[in-house]
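The questions below ask what lies behind some of the labels put on this model. Each answer sets a value beside its cut-off.

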Amino acid sequence: MTAIAVEAGSEARRTALILAASQAIIGSAAPIAISVGALAGQYLLGPDKSLATAPITGFNIGVALGALPAAAIIRRMGQRGGFMTGTIVTALGGLVATLALFQGSFWLFAFGLLTIGVGGAFVQQFRFAAADNAPPEFKARAISFVLAGGIVTAILGPQIVIFTRESLAPVMFAGSFVSILPLAAVGAIILSFLRLPAKASGKVEIADSDARPLAEIVTQPRFVAALFCAVGSYALMSFVMTGAPLAMVGCGLSETDATLGISWHVMAMFAPSFFTGSLIHRFGAERIVTTGLILLIGCAIVALSGLALWQFWTSLILLGLGWNFGFIGATAMVASTYRPSEKGKVQGFHDFVLFGSVACASLMSGMVYNAWGWEMLNWIVFPVTVLCFVALGALKVTSARPA
């Protein structure tokens, strides 16, 4: 039995490392799209730049729309075949975005980023696959391995942008999106080394007879507070992050400075994930969410204090840290509100509201920046975080009442 356990652990470690390596490569398409999507959108638009962030909105919508189809494809083809299909989708998105830049077509470019987002939905499944194929004692470390790949993308993606954005001049940014094609190819090659069953042999969940109606679950005070905080943290992150490159370039900083700012931001988003779970276990999800909201306020304060490079970068780092604590803490709160038999419908409702809000936030970012500037983007952080604090306070009052 010990030998079998050792072999299972070894195979799980191999699987997690392959998924992490693939995420580090193919996952770099996301920071490429995010760091130059709005700048390229601005490049393609005429005098009215208010829709410059619409391509990033397309990317976010693609991740949301691709979630269920990606899960269905992976379930039908197995994890290896499903994930390799995702790399094809990502490559197709990179190709469409490149052609759109050569043709000067703004909406075709937005569609290309939407397609990249759909491919990104497959990448979102990597950490679950690593955990599903690991013994219980290795699940947490398997997830950490895959998250480590996310840290590499924070460096690799922006560096690719810096070295390729003018490589196909005079068409700006086309080289960055062409680079997504070889990234997808390398990611697919890495995934081909997975030794997973042709079809995932997961356990079939049988609905319990005591599963509650969705309306009853989502009106629980804890779920409502968690959803408020999840949407607030994620939407604010998208709102400020999307407008940051436009603001940096608009203030006279270089596109390289803007790209590196996004690199620091993405690194701050993922790096704490190694210990956020332990902090939640020790201090409770509500306190970690509160810490995340305070960090988001700190981001806005630093951003409003001036327009120097260090202020942009520091605010983006605080934005990433605030997102990590706020969103992961809120996710942990949501997970405590439903039973296993209710998981599918509750997560589906949660993600629909969440990513719909994130998509709206990324679109509004460009409009608000174009109309009122960088300062207004950051002032909006304060009322949204106050609403989240009110939701957490109401939950505490409700929980303190005698049953």
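Helices (H or I, at least four residues) and strands (E, at least two) are DSSP runs, numbered from the N terminus. The model is predicted, so local features need pLDDT of at least 70 and side-chain atom pairs pLDDT 80 or more, while totals for chains, interfaces and linings use all residues. Residues are numbered from 1 along each chain as its sequence is written, and side-chain values use heavy atoms, without hydrogens and water.

Q: Which helices each supply at least two residues of the lining of the second largest pocket?
A: They are helix H11 (221-250), helix H16 (343-372) and helix H18 (381-400). H11 gives the most, with nine residues.

Q: What makes a space a pocket or a cavity?
A: On a 1 Å grid over the protein atoms alone, a cavity is a set of points where a 1.4 Å probe fits but cannot get out; a pocket is an open set with protein on both sides within 12 Å along at least five of seven lines; lining residues have an atom within 4 Å of a point. The second largest pocket holds about 280 Å³ of space. Among its 16 lining residues, Phe228, Val231, Gly232, Ala235 and Val384 are the closest to its centre.

Q: How many cavities of 30 Å³ or more does a search of the whole structure find?
A: The search finds one. The volume of the largest cavity is about 30 Å³, a volume being the space filled by probe spheres set on grid points that are joined across faces, edges and corners. Its lining includes Ile26, Phe83 and Phe126, and H4 gives the largest share, four residues.

Q: Why does Leu99 get its accessibility class?
A: Leu99 has 42% relative accessibility and therefore counts as partly exposed. Leu99 is found in helix H4.

Q: What is known of the peptide bond that joins Ala169 and Pro170?
A: The bond is cis, with omega about 15°. Pro170 is in the loop between helix H7 (139-164) and helix H8 (174-178).

How values were computed: Buried means under 20% relative accessible area, exposed over 50%, partly exposed in between (1.4 Å probe, protein chains only).
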